[in-house]
Amino acid sequence: MATILPSPPKVGMVSLGCPKNLVDSERILTQLRADGYAMSADYAGADVVLVNTCGFLDSAKEESLEAIGEAMAENGRVIVTGCMGKEAEAIRARFPQVLAITGAHEYQQVVEAVHEAAPPGLSPYLDLVPDAGLKLTPRHYSYLKISEGCNHRCSFCIIPSLRGDLVSRRPDAILREAEKLVAAGTQELLVISQDTSAYGIDIRRTPRPWKGREVVPHMTDLARELGRIAPWVRLHYVYPYPHVDEVIPLMAEGLVLPYLDIPFQHAAPAVLKRMKRPANDAKVLERIHRWRTIAPDIAIRSTFVVGFPGETEADFQYLLDWLDEAQLDRVGAFRFEPVAGASANLLPDPVPEAVKEERYARIMEKTAAISAAKLAAKIGRTLPVIVDAVDDEGGATGRSQADAPEIDGEVFLRDAGHLAVGDIVPVAIEHADDHDLYGVPV
């Protein structure tokens with residue numbers, strides 16, 4: 001007699017915000033899949049919908065509230081988690097019918113809320129989870145979170161109040177996860193945290209055994225070990241502490257991609273002081289030049305805030321001059337936006353919105369020109385490219401080692417129909433524009 005398999009309850013997920021939130025979503029879905037749940041790609045097919053919110057900026061909070069509203073309208077059975085979970089009263093006031101609200105990285109509470117809303121139906125025939133867990137990114141690249149929280153108290157940021165102080169993961173646990181991801185097809189590991197440079201300072205006295213040797217919980221040691229596991233390892237959210245210099249030789253050796261994502265936020269000393277930024281090193285420019293001597297192809301991406309309270313025209317011109325000298329490869333800029341609970345809101349001399357807009361336009365024009373010149377210099381070179389997509393007309397889209405997914409540029413390929421997603425291939429660069437490259441596989 002045939003066995004009739006039960007139909008498992010289905011969970012839908014809306015994940016907002018940064019890659020760290022995306023990793024949280026993947027962990028939640030992995031646990032739920034292990035508990036017997038199926039995933040739903042739409043509201044209609046879900047027994048319950050999870051909305052993983054972002055609460056960093058007021059605009060992000062509004063986007064989160066809109067996502068909750070859409071899920072409530074389309075499904076009605078909604079559990080809210082993530083950074084905005086700290087503002088449960090505000091969420092309840094607008095959506096009193098939500099089933100449950102939890103904070104950031106409160107995985108067990110989310111799972112318990114799902115269990116209560118849609119009890120699992122366990123079956124030995126259905127409850128299978130890949131060793132690498134469930135992913136919300138393409139198979140060939142994965143975000144690898146190495147810590148939670150942050151010890152800094154930047155005046156414009158409320159992350160510590162949302163996610164707490166730094167808590168580093170054990171290095172052996174990180175390396176085991178990396179191995180599973182690579183075994184499942186990951187070609188590129190994107191290392192993320194709130195402060196990657198600070199990794200391990202809370203557990204540095206506790207090295208862990210790994211492959212017959214001990215690994216110290218430190219950014220350099222971890223990066224070296226990850227470079228032995230994955231073809232590409234990319235470091236994000238790196239503050240320019242002195243020990244970052246130790247990672248640059250690993251780039252020259254090919255163990256780590258020649259890429260650093262450093263959130264400088266500004267360059268003018270007076271503004272950095274009001275921002276309460278860590279690692280305000282007057283010799284950063286010297287260090288950048290030295291890094292390029294060791295690893296000539298190093299790409300540096302950063303973000304900057306314009307219109308911070310008290311920012312004068314002289315401060316802003318200082319930033320533009322600094323960018324001329326630094327010649328950063330990838331730059332994102334944001335107009336200062338007050339965030340509820342941030343101490344920067346109390347600073348005097350707010351910058352008028354019209355001035356913020358004018359400065360934003362100027363910094364984007366400046367950085368686009370720098371980017372265009374740096375990309376033009378790559379014409380005629382052959383660069384390694386990872387393939388992200390292949391179309392039906394013989395074209396493909398990929399990224400160079402200088403490009404992180406979704407935030408940086410792309411490489412558009414012709415005569416590439418024979419390639420597959422995840423391939424890493426040499427590409428002859430034929431053309432460039434302000435942000436992207438164009439070429440052909442060699």
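## Largest cavity

Helix α12 (residues 353-376) contributes the most to the lining of the largest cavity, supplying three residues. The structure described here is a predicted model. The lining of this largest cavity is formed by Asp 329, Arg 330, Ser 371, Lys 374, Leu 375, Lys 378 and Ala 402. Sorted by class, these lining residues comprise four charged, two nonpolar and one polar. The volume of the largest cavity is about 40 Å³.

## Second largest cavity

The search for cavities of 30 Å³ or more gives a count of two. The second largest cavity has a volume of about 30 Å³. Which residues line the second largest cavity? They are Ile 146, Val 191, Thr 196, Met 219, Leu 222, Ala 223, Leu 226 and Leu 235.

Helix α7 (residues 219-227) provides the largest share of this lining, with four residues. The lining of the second largest cavity holds seven nonpolar residues and one polar residue, and no charged residues.

## Helix α1

Helix α1 covers residues 19-34, a run of 16 residues. At 1.5 Å a residue, helix α1 should span 22 Å, and the 23 Å between its end C-alpha atoms agrees with that value. Is helix α1 mostly covered or mostly uncovered? Helix α1 is mostly covered, with 13 of its 16 residues buried. Just after helix α1, Gly 36 adopts a positive phi of about 105°.

Ile 28 belongs to helix α1. With a relative accessible area of 3%, Ile 28 counts as buried because this value is under 20%. Ile 28 and Met 13 are separated by 15 residues in sequence, and their C-alpha atoms lie 9.7 Å apart in space.

## Aromatic pairs

Across the whole structure, eight aromatic pairs are found. One of them joins Tyr 239 and Tyr 241, whose rings are stacked, with 6.0 Å from centre to centre and 20° between the planes. Tyr 239 is buried, with a relative accessible area of 7%. Tyr 241 is also buried, and its relative accessible area is 14%.

Phe 264 and Phe 304 have ring centres 6.4 Å apart and ring planes at 20°, so this pair is stacked. Where do the two residues lie? Phe 264 is in the loop between β13 (259-261) and α9 (269-275), while Phe 304 is in strand β14 (residues 299-306). The pair therefore ties together parts that are 40 residues apart in sequence. Phe 264 and Phe 304 are both buried. Elsewhere, one aromatic cluster is formed by Phe 156, Phe 308 and Phe 336.

## Charges over rings

How far from the centre of the Tyr 237 ring is the charged end of Lys 20? The charged end of Lys 20 sits over that ring, 3.8 Å from its centre. A second case involves Lys 211, whose charged end sits over the ring of Trp 210 at 5.1 Å from the ring centre.

Note on methods. Residues are numbered from 1 along each chain as its sequence is written. This is a predicted model: local features need pLDDT of at least 70, side-chain atom pairs count only at pLDDT 80 or more; totals for chains, interfaces and linings use all residues. Side-chain values use heavy atoms; hydrogens and water are left out. The expected span of a helix is 1.5 Å times one less than its number of residues. Buried means under 20% relative accessible area, exposed over 50%, partly exposed in between (1.4 Å probe, protein chains only). Rings of Phe, Tyr and Trp (its six-membered ring) pair if their centres lie within 6.5 Å; planes under 30 degrees apart count as stacked, over 60 as edge-to-face and the rest as tilted. A charge sits over a ring if NZ of Lys or CZ of Arg is within 6 Å of the ring centre and within 35 degrees of the ring normal. On a 1 Å grid over the protein atoms alone, a cavity is a set of points where a 1.4 Å probe fits but cannot get out, and a pocket is an open set with protein on both sides within 12 Å along at least five of seven lines; lining residues have an atom within 4 Å of a point. Grid points are joined across faces, edges and corners, and a volume is the space filled by probe spheres set on the points. Ala, Val, Leu, Ile, Met, Phe, Trp, Tyr, Cys and Pro count as nonpolar, Asp, Glu, Lys and Arg as charged, and the others, Gly among them, as polar.
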